[in-house]
Amino acid sequence: MRSKAQLSLTHIHLPRDQHPARAGRTLLPDFCLTSMSKLIAVLGPTNTGKTHYALERMLAYRSGMIGLPLRLLAREIYDKVVEKKGEAAVALVTGEERIWPESARYFICTVEAMPMSREVDFMAVDEIQLATDPDRGHVFTHRILNARGLHETLLLGSEPMREVLFELGLDVDTNHRERFSELMYVGPRKITKLPKRSAIVAFSADEVYAIAELLKRQRGGAAVVMGALSPRTRNAQVDLYQSGEVDYLVATDAIGMGLNLDVEHIAFASRSKFDGRRRRQLTPAEAGQIAGRAGRFRTDGTFGETGDCPPFEDDTVIRIETHNFESVQQIQWRNYELSYRSIERLLQTLTKPSGSPILRHTPDALDEATLRRMAMDTDVTTATTTGARVKRLWDLCCLPDFRRTGVEGHLRVVQALWSQLHDPDARLSCEWMERALSRLRSTEGDIDVLQTRLAAIRTWTYAANRSDWVQNAEIWRG
């Protein structure tokens, strides 16, 4: 009998014509068959080395690109590739950070920021199960269907994506990878009784900082990792934890998306999150993605609850320990062949159906909802009379909602930008940017106020990476 180590390195390929899901399925139109490059789906739970494997494959080629789910992870991977290939050969492309040397051959990107027109030998898309996400899912689906390297493409994700990939009619082989270590549920523990090298996961800034303050008083300190932190701040916090200067990490669910940390125990301070629309319970697969960050390489990991978090149900525990989750049946989709002849025509093309029950259009996407609200304003419709102006309006609606304020809050930000930028030749002046940022420089206020300012800074960082939005954009990036 083979050992677990041997199993974890075994590539199990299932050719598409041998997969049971192929029987009776309806092939999609040819829009998803975009390349003759070898297409492989590398599937499995956390701690299987999927991303590491993709990097090894990419660096074996003269050029490559990888799309990642978080800017924090993109920055981590960028630093690793720079160590091996040098700064001149590597680009970092995210909504808030852009390092793109002219000689760049390797592109480390967030999935949304992948420069799809760039031809590379190798392509990879990480965490493809996010194709089910109501807001971002359509972007991951687009990359699954269309992102191709000239010679090799890897789709990295969880095992529940296997069936839907075959149902999509993709000419894909699958490579299953076993987890390197065991994951075990150990039940609830008080925060002050958690073992060293623990990560406590919470779902609000208030909760994160309250837990960090408690650990500082009771256990000597903790590092904090949240998606809202700048790359420099986040790296300093990670170094604080990784160096052993502190033994505890307090994080949001961003920790579940591939951040590589030496964590041995995951403690859930909550099992519900605000997803941009409502507060809801984590699905077993989402909980498993987070819990799976416990245990690095051959070191086994544990998970449980702390604080007021209710205990996991027995069925959920079994699912997480065995990495056995329900197969994905549908993923989010959007038509990317858009018309900008008018706002009405743009909305019509945005809502064009896929023609497949597998590809689900989501009318609740924030950018589309914001566009509909903007289209109700007569000032907007009167001023938006050309294709270029419609395109500009749509670009503004696609601004990420860093503040997580929902449609109403996001609408106000877009309206303020549109008032200055509805003409495609217009730019935000240095004076306008200075006024907007001057309100964010104060360090007074409670955690909520400071967190709101941090989120607003991310908005202006995103804007500064749009040379077609901001005057002297290079200066503002600096």
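## An aromatic cluster and its surroundings

Tyr185, Phe268, Phe303 and Phe312 form one aromatic cluster. The model is predicted, so local features need pLDDT of at least 70 and side-chain atom pairs count only at pLDDT 80 or more, while totals for chains, interfaces and linings use all residues. Residues are numbered from 1 along each chain as its sequence is written, and side-chain values use heavy atoms, with hydrogens and water left out.

A search of the whole structure finds nine aromatic pairs. Rings of Phe, Tyr and Trp (its six-membered ring) pair if their centres lie within 6.5 Å; planes under 30 degrees apart count as stacked, over 60 as edge-to-face and the rest as tilted. The ring centres of Tyr185 and Phe312 are 6.2 Å apart and the planes stand at 85°, so this pair is edge-to-face. Because Tyr185 lies in strand E10 and Phe312 in the loop between E17 and H9, the pair ties together parts that are 127 residues apart in sequence. Helices (H or I, at least four residues) and strands (E, at least two) are DSSP runs, numbered from the N terminus.

Tyr185 is partly exposed, with a relative accessible area of 22%, whereas Phe312 is buried at 6%. Buried means under 20% relative accessible area, exposed over 50%, and partly exposed in between (1.4 Å probe, protein chains only).

| Charged residue | Ring | Distance to ring centre |
|---|---|---|
| Arg271 | Phe312 | 4.3 Å |
| Arg177 | Tyr53 | 4.9 Å |

Strand E10 belongs to an open sheet of six strands in the order E10-E17-E14-E11-E13-E12, with parallel pairing. Its edge strands are E10 (183-185) and E12 (223-225), each of which pairs on one side only. Two strands pair if DSSP finds at least two bridges between them. E10 and E17 (residues 301-305) are joined in the parallel sense by three bridges, and Met184 stands opposite Thr302 in E17. Helix H9 (residues 314-322) lies across E10 and E17, running at about 165° to E10. Axes are lines fitted to C-alpha atoms, for helices over the stretch in contact, and angles run from 0 to 180 degrees between N-to-C directions.

Strand E4 (residues 90-93) is covered on both faces: Val90 and Leu92 on one side, and Ala91 and Val93 on the other, are all buried. E4 pairs with E6 (residues 106-110) in the parallel sense over four bridges, and Leu92 has Ile108 as its bridge partner in E6. Two bridges join E4 to E5 (residues 98-99), and these two strands run antiparallel. In E5 the bridge partner of Leu92 is Ile99. E4 and E5 form a hairpin with four residues between them.

Two packed helices are described by the angle between their axes and the distance between the axes. The axes of H13 (residues 387-397) and H14 (residues 406-421) come within 9 Å and cross at roughly 145°. Arg392, Leu393, Leu396 and Cys397 in H13 meet His410, Val414, Leu417, Trp418 and Leu421 in H14; contact means heavy atoms within 4.5 Å.

His142 is placed in helix H4 (residues 137-146) and counts as buried at 17% relative accessibility. Leaving aside neighbours within four places in sequence, His142 is in contact with Met116, Ala147 and Tyr336.

Terms used:
Lys NZ or Arg CZ within 6 Å of the ring centre and 35° of its normal.
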